[in-house]
Amino acid sequence: MKHILFTLYECDPDLLDDEDYIRETLFEATNHMGATFLKTQSHKFSPQGVTAVTLLAESHISIHTWPENGTAVCDVFTCGDANPRKGAVYMGRKLKAKNFIAKTIDRSLECKQ
């Protein structure tokens, strides 16, 4: 199991504030990482910002955006053969991030019985 925590900086603020675009990006990221899409729940804040979570058969993807700062804070958590790094990189490209900081956590040992 892999869990990537990442922050995207200097993103396109219009894209960060577009709920439909965020939902589409999460769906496409799911395909890029080889995961199984279940559904996305999202909320558009006023005056700006979007929060969305995509449920995967393998776990989840989440994003919280601050268009006023050009920032998105995200995570991708997967088990099985899905590649969360591919999803994270794809999200960065789609949101036109100029900077990207990530931390990967191997959670395999936490789930052994």
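Biologist: Among contacts between residues at least 6 apart in sequence, what share joins residues at least 24 apart?
Modeller: In this predicted model, 63% of the contacts between residues at least 6 apart in sequence join residues that are at least 24 apart.

Biologist: And how many helices and strands are there?
Modeller: The chain has 3 helices and 6 strands, and if you read along the sequence they come in the order β-α-α-β-β-β-β-α-β.

Biologist: How compact is the chain, then?
Modeller: Its radius of gyration is 13 Å, which is close to the 13 Å that the globule rule gives for 113 residues, so the chain is as compact as a globular protein of that length. Along its principal axes, the C-alpha trace spans about 45 × 25 × 20 Å.

Biologist: What percentage of the residues is buried?
Modeller: Of the 113 residues in the chain, 41% are buried. As for the surface, the chain exposes about 6300 Å², and carbon and sulfur atoms supply 51% of that area.

Biologist: How many aromatic pairs does the structure hold?
Modeller: The structure holds 2 aromatic pairs. In one of them, the rings of F6 and F100 have their centres 5.3 Å apart and their planes at 10°, and because planes under 30 degrees apart count as stacked, this pair is stacked.

Biologist: Where do F6 and F100 lie?
Modeller: F6 lies in strand β1, residues 2-9, while F100 lies in strand β6, residues 99-106, so the pair ties together parts that are 94 residues apart in sequence.

Biologist: Is F6 buried or exposed?
Modeller: F6 counts as buried, because its relative accessibility is 2%, whereas F100, at 32% relative accessibility, counts as partly exposed.

Biologist: What about F27 and F37, what kind of aromatic pair do they form?
Modeller: F27 and F37 form an edge-to-face pair, with 4.9 Å from centre to centre and 80° between the planes. F27 lies in helix α2, residues 19-32, and F37 in strand β2, residues 37-44, so this pair ties together parts that are 10 residues apart in sequence.

Biologist: And what are the relative accessible areas there, starting with F27?
Modeller: F27 has a relative accessible area of 38% and is partly exposed, and F37, with a relative accessible area of 30%, is partly exposed.

Methods
Residues are numbered from 1 along each chain as its sequence is written. This is a predicted model: local features need pLDDT of at least 70, side-chain atom pairs count only at pLDDT 80 or more; totals for chains, interfaces and linings use all residues. Side-chain values use heavy atoms; hydrogens and water are left out. Helices (H or I, at least four residues) and strands (E, at least two) are DSSP runs, numbered from the N terminus. The radius of gyration is taken over C-alpha atoms; the globule rule is 2.2 Å times the number of residues to the power 0.38. Buried means under 20% relative accessible area, exposed over 50%, partly exposed in between (1.4 Å probe, protein chains only). Contact means heavy atoms within 4.5 Å. Accessible areas come from the Shrake-Rupley method with a 1.4 Å probe; for residues, only the protein chains shown count as cover. Rings of Phe, Tyr and Trp (its six-membered ring) pair if their centres lie within 6.5 Å; planes under 30 degrees apart count as stacked, over 60 as edge-to-face and the rest as tilted.
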